Amino acid sequence: MNSLERLAEVLQTQRTLGATLAGIAEAATVSVPGCDAASIAIAISGRPSTAAITARVALELDMVQYDTDDGPCLRSFRSMSTVRVDLVEQGDEFPHFAVAARRKGIRGVLSLPARWGDEPVATLNLYSRAGPFDETAVTVGQVLAAQVAIAVSRSPEFVAARGVVEEAQRNADDDADVNLATGLLMVNESCTAEQADGLLRQAAAHDERTILEIAQRIIEQHRTSG
């Protein structure tokens, strides 16, 4: 059984997200040419946070990036693109990170985004003491990153967190509509914010609608009238 087949078995048998990510990280050290250590950072409140490692050096170099707010992991997460760094020839791109990596004997770094739809949910970060990663490493890494995305997106933790974020966004959008309708009423009726709020509530009670529905109706009437 090759390493990718073992990975498929891990994904099928492991029940927790942490165990699944640990299995994928371990698979990376076996299947990606030149990979000596790996980490997986998942998105928490819009920022990556390390959730799985295969060696202490991976965690230490992830932490350097979080502390300086710069590095291949963060760039991969923010740009949703693969970032490959040759620390032998190119050390100036991430100067603070490069110094820390060289001190620990790391000569190559590969960070790959794990995307679900149009958003990054994690990054797979690979570290090499042998030298820079090649195209084969990128290809295998992309397969593993896709598995990370699947594992994260299927986890109850991710689903729950996504639901909270989406509800917060809906609430923010609803509040914005009510505030806009209140402002329109203040202008059109020459009234105060308190009076406009009272008008919204009266209209909602009269029409047996929610305040949000009345607000959206006012906004639509304003747009229609020009």
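How exposed is Glu 60? The model is predicted, so what follows is computed from predicted coordinates. Glu 60 has a relative accessible area of 25%. Buried would need under 20% and exposed over 50%, so Glu 60 counts as partly exposed.

The side chain of Glu 60 forms a salt bridge with that of Lys 104, at 2.9 Å from N to O. Glu 60 sits in helix α3, residues 56-68, while Lys 104 is in the loop between α5 (95-103) and β4 (108-116), so the bridge ties together parts that are 44 residues apart in sequence. Lys 104 is also partly exposed, at 32% relative accessibility. As a general point, side chains of opposite charge can pair when their charged atoms come close.

How many salt bridges are there by this rule? The count is 8. I will take two others from that list. One joins Glu 93 and Arg 75, with 2.5 Å from N to O. Here Glu 93 lies in the loop between β3 (83-86) and α5, and Arg 75 in helix α4, residues 72-79; the two are 18 residues apart, and the pair links distant parts of the chain. Glu 93 is partly exposed at 38% relative accessibility, and Arg 75 is partly exposed at 35%.

The other joins Arg 78 and Asp 69, at 2.4 Å from N to O. Asp 69 is partly exposed, with a relative accessible area of 37%. Which residues are networked with this pair? Arg 47 is, and salt bridges link Arg 47, Asp 69 and Arg 78 in a network.

Now the chain as a whole. There are 9 helices and 5 strands. In sequence order the pattern is α-α-β-β-α-α-β-α-β-β-α-α-α-α. The chain has 226 residues, of which 38% count as buried. Taking contacts with a separation of 6 or more, 56% are between residues 24 or more positions apart. The accessible surface is about 12,400 Å², and carbon and sulfur atoms account for 50% of that.

Two helices next. Helix α6 covers residues 135-154, which is 20 residues. From first C-alpha to last, α6 reaches 29 Å, close to the 28 Å expected at 1.5 Å a residue. At its start, a side-chain oxygen of Asp 134 comes to within 3.2 Å of the backbone nitrogen of Thr 136. The buried residues of α6 include Ala 137, Val 140, Leu 144, Val 148 and Val 152. Also buried there are Gly 141 and Ser 153.

Helix α8 covers residues 193-207, with 15 residues, and spans 21 Å, close to the 21 Å expected. Its buried residues are Ala 196, Leu 200 and Ala 204. In general, an α-helix has 3.6 residues a turn, so residues three or four places apart point the same way. On the face of α8 turned away from the buried side are the exposed residues Glu 194, Gln 202, Ala 205 and His 206. After α8 comes Glu 208, with a positive phi near 55 degrees.

That is what I have; I can take questions now.

Key. Residues numbered from 1 in each chain as written. Predicted model: local features only at pLDDT ≥ 70, side-chain atom pairs only at ≥ 80, totals over all residues. Heavy atoms only, no water. Helix = DSSP H or I, 4+ residues; strand = E, 2+ residues; numbered from the N terminus. Expected span 1.5 Å × (residues − 1). Buried < 20%, exposed > 50% of the residue type's maximum accessible area, 1.4 Å probe, protein only. Polar contact = N/O pair within 3.5 Å; in protein donor to acceptor, adjacent residues only side chain to side chain. Contact = heavy atoms within 4.5 Å. Areas by Shrake-Rupley, 256 points an atom, 1.4 Å probe, with all protein chains shown as cover. Salt bridge = Lys/Arg side-chain N within 4 Å of Asp/Glu carboxyl O.
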